[in-house]
Amino acid sequence: MENRETNTVNLNMDLEEEELKSNRGILIGVIVALIVFPMIVLGILYNLNPGFRQNADNFISTLPGPIGASKRNKLTPEERASRVSYLSDHYLKINEDSAVDKLYIIKQDDSKLYRDIIAQMSAKNPKKASSIVEKIRNKEMDDRDLLARAYNEALNIDNDEISLDAAQIEQAELIIAKNQVKSRIGEQGFEDVLNALSNEKLADILFYMDEIEK
């Protein structure tokens, strides 16, 4: 009798568990249908429909806090086009070297804005725009050369330090050299110092260290 009652209780518990799982699955489906799917649809519309995107931005701009502020500060396509046109006129009017410096900075920060300005400058004054673009390219080459020079200079300094460290170990007595090597094992870049040692000196140090450890 007790076994029958126990089986009945277990069966009821299993049924309740299955029902709970089923309800949980239904709930997840409802959440997906009511929240996730509409968000996907809105995201697609926002990216593909300029009119919908503009209306959404206008609505978001009315919200308080940083979310609304981010859209309030965002230019409309018409405002952006007007400012790009103004800047293209401005950079064509000022001294070429000044225009190069300003456009070079813009190119580093926002390549699309740079391309848009240059495109309008080229349409308005192809000769001057071409000259400015050429100077910007030369400036980029100069910067790359500067980077290469700075890198080579740092590399030479590092190599000098490696050679100096290796020479000190080479000239030191074996026990001192061993202590120096042992204390610097694992130090960043010390492997280069070891590689700069003569094979004979390095073999002596390693042999001596091995004998001491024995």
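**Overall layout**

I began with the fold: the chain has 10 helices and 0 strands, where helices (H or I, at least four residues) and strands (E, at least two) are DSSP runs numbered from the N terminus. Read along the sequence, the pattern is α-α-α-α-α-α-α-α-α-α.

I noted the ground rules next: this is a predicted model, in which local features need pLDDT of at least 70 and side-chain atom pairs count only at pLDDT 80 or more, while totals for chains, interfaces and linings use all residues. Residues are numbered from 1 along each chain as its sequence is written, and side-chain values use heavy atoms, with hydrogens and water left out.

I then looked at burial, and found that 19% of the 214 residues are buried. Here buried means under 20% relative accessible area, exposed over 50%, and partly exposed in between (1.4 Å probe, protein chains only). Of the contacts (heavy atoms within 4.5 Å) between residues at least 6 apart in sequence, 58% join residues at least 24 apart.

**Helix H4**

Which residues of H4 are buried? I found Val 84, Ser 88, Tyr 91 and Leu 92. They sit on the same side of H4, because they cover an arc of only 100° around the axis, the arc being that of the directions from the helix axis to the C-beta atoms.

**Ser 88**

I zoomed in on Ser 88, which counts as buried because its relative accessibility is 0%. Its side chain reaches the backbone oxygen of Ser 85 at 2.6 Å. The Ser 88 side chain also makes a polar contact with that of Lys 124 at 2.7 Å (a pair of N or O atoms within 3.5 Å; within protein, one must be able to donate a hydrogen and the other to accept it, and residues adjacent in sequence count only if both atoms are side-chain atoms). Leaving out residues up to four places away in sequence, Ser 88 touches Ile 117, Gln 120, Met 121 and Lys 124.

**Charges**

I counted 8 salt bridges, each a side-chain nitrogen of Lys or Arg within 4 Å of a carboxyl oxygen of Asp or Glu.

- Asp 116 pairs with Arg 80, closest N and O atoms 2.9 Å apart. This links helix H6 to helix H4 across 36 residues.
- Lys 135 pairs with Asp 97 at 3.5 Å. Lys 135 is in helix H7 and Asp 97 in helix H5, so the pair ties together parts 38 residues apart in sequence.
- Asp 101 meets Lys 139 at 3.8 Å, N to O. Asp 101 is in helix H5 and Lys 139 in helix H7.

I also saw that Arg 80, Lys 112 and Asp 116 are linked in a salt-bridge network.
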